[in-house]
Amino acid sequence: MAHHFFAYISRMRFIRRWGLMRNTLPENDLEHAAQTAVIAHAIALMGNARYHRAYDPGRVLALGLYHDAAEVITGDMPTPVKHHNPLILKEYEKLEDMAAERLIVLLPPDLRPDYKPLIFHDESTPEWRVVKAADRICAYIKCLEEEQYGNHEFDSARKTVLASIRKIELPEVQDFMEECVPGFAMTLDEISEG
């Protein structure tokens with residue numbers, strides 16, 4: 001029997017993000033998932049090293065890679081639409097759950113128990129909190145990059161996303177913002193000199 005989970009996941013590269021915004025640099029879900037995973041992993045390592053957390057960095061990395069997997073079926077709904085109305089949000093969450101279940105059944109049966117917690121998120125875990133913080137940081141980085149190319153379409157989003165990141169009560173997140181994010185607003189020459 002053929003199992004098509006991984007063929008579906010590879011199609012995340014066709015899911016465009018920021019659909020309501022004029023983009024200078026198009027971004028897809030697969031690129032976003034990789035960036036989220038890398039940043040979440042770094043935040044987890046910072047938390048463990050600096051603040052005596054007990055994050056599982058490998059789990060954080062995997063959660064980051066799969067955090068938007070259901071969007072390969074649902075598409076990426078723009079945040080202003082999704083969060084504008086509580087009823088829309090609730091229905092979209094149901095749709096995401098159905099899409100996640102569809103993905104799970106595309107796996108070989110013996111792998112389903114391992115993938116299910118990566119596709120269906122336990123939002124109460126410290127690891128998920130790190131992934132969501134990284135997801136917000138990725139949105140902020142996207143805004144910085146667009147502004148760097150003269151696109152002011154993201155100016156308001158940058159301010160809103162930055163305010164939401166500042167409210168995250170994890171010092172490791174704030175450390176990452178202070179120490180690692182400034183380079184995203186620099187040119188290659190600037191980051192190479194530093």
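The tour starts with the conventions and then moves through the selections in order.

This is a predicted model, in which local features need pLDDT of at least 70 and side-chain atom pairs count only at pLDDT 80 or more, while totals for chains, interfaces and linings use all residues. Residues are numbered from 1 along each chain as its sequence is written, and side-chain values use heavy atoms, with hydrogens and water left out.

**Stop 1: the whole chain.** Show the protein chain as a cartoon. There are 11 helices and zero strands, where helices (H or I, at least four residues) and strands (E, at least two) are DSSP runs numbered from the N terminus. Read along the sequence, the pattern is α-α-α-α-α-α-α-α-α-α-α. The radius of gyration, taken over C-alpha atoms, is 17 Å, close to the 16 Å from the globule rule for 194 residues, so the protein chain is as compact as a globular protein of that length. That rule is 2.2 Å times the number of residues to the power 0.38. Along the principal axes, the C-alpha trace spans about 55 × 40 × 35 Å.

Now colour by accessibility. Of the 194 residues, 39% are buried (buried is under 20% relative accessible area, exposed over 50%, partly exposed in between, with a 1.4 Å probe and protein chains only). For contacts (heavy atoms within 4.5 Å) with a separation of 6 or more, 68% join residues 24 or more positions apart.

**Stop 2: the largest pocket.** Select T79, K82, H83, K132 and D135, which are the closest to the centre of the largest pocket among its 38 lining residues. The volume is about 1200 Å³. A pocket here is an open set of points on a 1 Å grid over the protein atoms alone, where a 1.4 Å probe fits, with protein on both sides within 12 Å along at least five of seven lines; lining residues have an atom within 4 Å of a point.

Next, select α5 (79–82), α6 (86–104), α8 (126–148) and α9 (155–166), the elements that give two or more residues to this lining. Which element gives the most? It is α6, with six residues. By class, the lining has 17 nonpolar, eight polar and 13 charged residues.

**Stop 3: the cysteines.** The whole structure has zero disulfides (pairs of cysteine sulfur atoms within 2.5 Å). Select C143: its nearest cysteine sulfur, that of C138, is 11 Å away. C143 is buried, at 0% relative accessible area. Then select C180, for which the nearest cysteine sulfur, again that of C138, is 12 Å away. C180 is partly exposed, at 31% relative accessibility.

How values were computed
Grid points are joined across faces, edges and corners, and a volume is the space filled by probe spheres set on the points. Ala, Val, Leu, Ile, Met, Phe, Trp, Tyr, Cys and Pro count as nonpolar, Asp, Glu, Lys and Arg as charged, and the others, Gly among them, as polar.
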